[in-house]
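Here are my notes on the model you sent over.

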Amino acid sequence: MKLQYNPRQYWLIGPVLLTTLYLPSAVAEVKLNGFASIRGTSVSSDGGLPPYPGYEEGELSFKTESLFAIQASADLSEGLSATVQLYGDGLNDFEVDARWAYFSYQLNDTHRISGGRFANPIFHQSEYEKVGYAHNFSRLPKAVYIGLDFSTIEGIALDSQFNIGDYNLQTKVLYGGWTGEVFSAVTNTTVGFGLDNIMSANATLAGDWWQVFGGVFAAEIDGATIDSTTVFPLAAGGIALATANGATAAQIADFRSRIGWDEKDAFYWFSGFAIDYSNWLVDFEYVSYEVKESTDVLNNSWYLALGHRFDNVVVTIHTEDYAQDPDFGYLNGVTHPVLQATGRGITSAFGQREFDGMGLSVRYDFHPSAAFKADYFKGTDTRSTVGDYQLFSFGIDLVF
Amino acid sequence: MKNRILLFSTLLTTLCSPLVFAEVAVIVHPSNNNALDASSVAKIYLGREKSFADGQSVVPMSMVETAPSSASFNDVVLKKSASQLKAYWSKLVFTGKGTPPKELATEEEMLKLVAGNPNLIGFVDASKVDATVKVVFKF
């Protein structure tokens, strides 16, 4: 899961860090903010493996979902600012990374442009996914916020804000790239991966007590490593069998180009709504994503939450569904039956993981900067190594 | 018995009385002639509006959250508790989309700053208002 920094990232993080942390106070006002979560999490499953990578099955862990971050933001005046966020979490042994490092320039009251390393708004709450205090869950529903590894990217972004009568419209457009590792449910390991030419756009329209939102995210896959370590090894047996049964070199080459992910297009979109009316809270988000024309599987996932605020206590129940919909259209034109069956087998392997469940969460704001949260979640994972599972957690989310 | 009745009635009166907040005044520089209501002030304090109606940029100033006027302002104008407001700003601060209004420790400091800068807007206990600032509205 650990990001692999490339020279471009070092080149970027260094100047922003220096600007943010070492500017003389006479030149810039530096603001320090931070957030942290200290959470004990217990997971148990019928199959014996944890439902989510990095979680420890069968024991109470205070490491898995604990994290901290400190953010320094230097106001350089005239609308220019530099921000760096140092972040560490238990899933990565609390190794501290410069999760964000970017410059921003407020062009006018409506538009702000940013450049550097910042959060990738894959879905509606992705940008503040780690800030537990900002939402009422112990963790955002995993069916949607499953922990996609490219949550931080390098690029440029334009944030805009418009007032339309009594409504507020916020938009964001972004261009960037990412290199790192992703979790493969097929091999149960992380493998090298990259996203080039990321283009993203999203919008949120809000009234006093409601908001509707949606967004898209497209990128070109840099998937040579996942192809060589996961996709092609899965196909090796089938290709050998097809070759023994008369498949030509041209058919094999065509098949490999079809099943591979490298240079294919990834496409993500999300939409949903949120309501906060008379202390009743409703949240819904639906997401869909896939690597097009490859062995990857179309993912259609969603969650629906209903909550009620009792003064400084919020009780939330939610249901979530992580579903995969195999599309074998990329095999149209593959005439050799063994290759056809091999392709279908790989796609089915990538689509093997589905889960759903229901959860109950309680948030208690016992301090102006801290919330105690506890939750219980019961779900079912289609992998036999997981099966039915339960999760219980309690802990504190802080902001400062 | 008489004492018990007195105690009970006192307790009942205390519990049933609505909480009484001191009146709070939203204030601007005396030269500021923009019309402002609770809704437009809320937009300014939630970072959704960055200018007055006349185009002049606006900088909202807040009181520390322990100040009685702050709790009243959050409740009546922003319609949020202190925790809700902090969660709201957490989303913006940690996504680089905004920073909350600067918090001042005393109302004297608020009056002094607003009186000296046409771009500022603030709020204070209405009893503290003097001629150096202009009251937009009270609640």
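Predicted model: local features only at pLDDT ≥ 70, side-chain atom pairs only at ≥ 80, totals over all residues.

1. Helices (H or I, at least four residues) and strands (E, at least two) are DSSP runs, numbered from the N terminus. In chain B, strand 2 (residues 59-63) and strand 3 run parallel and are joined by three bridges.

2. Residues are numbered from 1 along each chain as its sequence is written, and chains are lettered from A and ligands numbered from 1 in the order in which they are written.

3. Back to the chain B sheet. Five strands make an open sheet with mixed pairing, in the order 3-2-4-1-5. Strand 3 (102-104) and strand 5 (134-138) of chain B are the edges, each pairing on one side only. From one strand to the next, the twist averages 30° (axes are lines fitted to C-alpha atoms, for helices over the stretch in contact, and angles run from 0 to 180 degrees between N-to-C directions).

4. What lies across this sheet? Helix 3 (residues 68-76) of chain B lies across strand 1 (24-28), strand 2 and strand 4 (120-125) of chain B. The helix runs at about 115° to strand 4 of chain B.

5. Now chain A, which has four helices and 17 strands. Its C-alpha trace spans about 75 × 45 × 45 Å along the principal axes.

6. How much of chain A is buried? The figure is 41% of its 400 residues (buried means 20 or more other C-beta atoms within 10 Å of the residue's own, with C-beta atoms placed from the backbone). Of the contacts in chain A with a separation of 6 or more, 62% are between residues 24 or more positions apart; a contact means C-beta atoms, placed from the backbone, within 7 Å.

7. Helix 2 (residues 224-244) and helix 4 (residues 337-350) of chain A pack at about 160°, with axes 9 Å apart. They are therefore roughly antiparallel, a label used for angles over 145 degrees. Residues in the contact include A:Leu234 and A:Gly238 of helix 2 of chain A, and A:Ala341 and A:Gly345 of helix 4 of chain A.

8. Helix 2 of chain A also crosses helix 3 (residues 249-259) of chain A, at roughly 155°, with the axes coming within 11 Å. That makes these two chain A helices roughly antiparallel as well. Among the residues that meet are A:Phe232 of helix 2 of chain A and A:Arg256 of helix 3 of chain A.

9. Finally, the strands of chain A. Strand 14 (residues 313-325) and strand 15 (residues 355-367) of chain A are antiparallel partners over ten bridges, with A:Tyr322 opposite A:Phe355. Strand 15 of chain A also pairs antiparallel with strand 16 (residues 370-381) of chain A, over eleven bridges. Strands 15 and 16 of chain A form a hairpin with two residues between them, and A:Gly359 has A:Phe377 as its bridge partner.

Methods: Buried ≥ 20, exposed ≤ 12 C-beta atoms within 10 Å, placed from the backbone. Contact = placed C-beta atoms within 7 Å. Pairing = 2+ DSSP bridges. Parallel < 35°, antiparallel > 145°, perpendicular 65-115°, else oblique.
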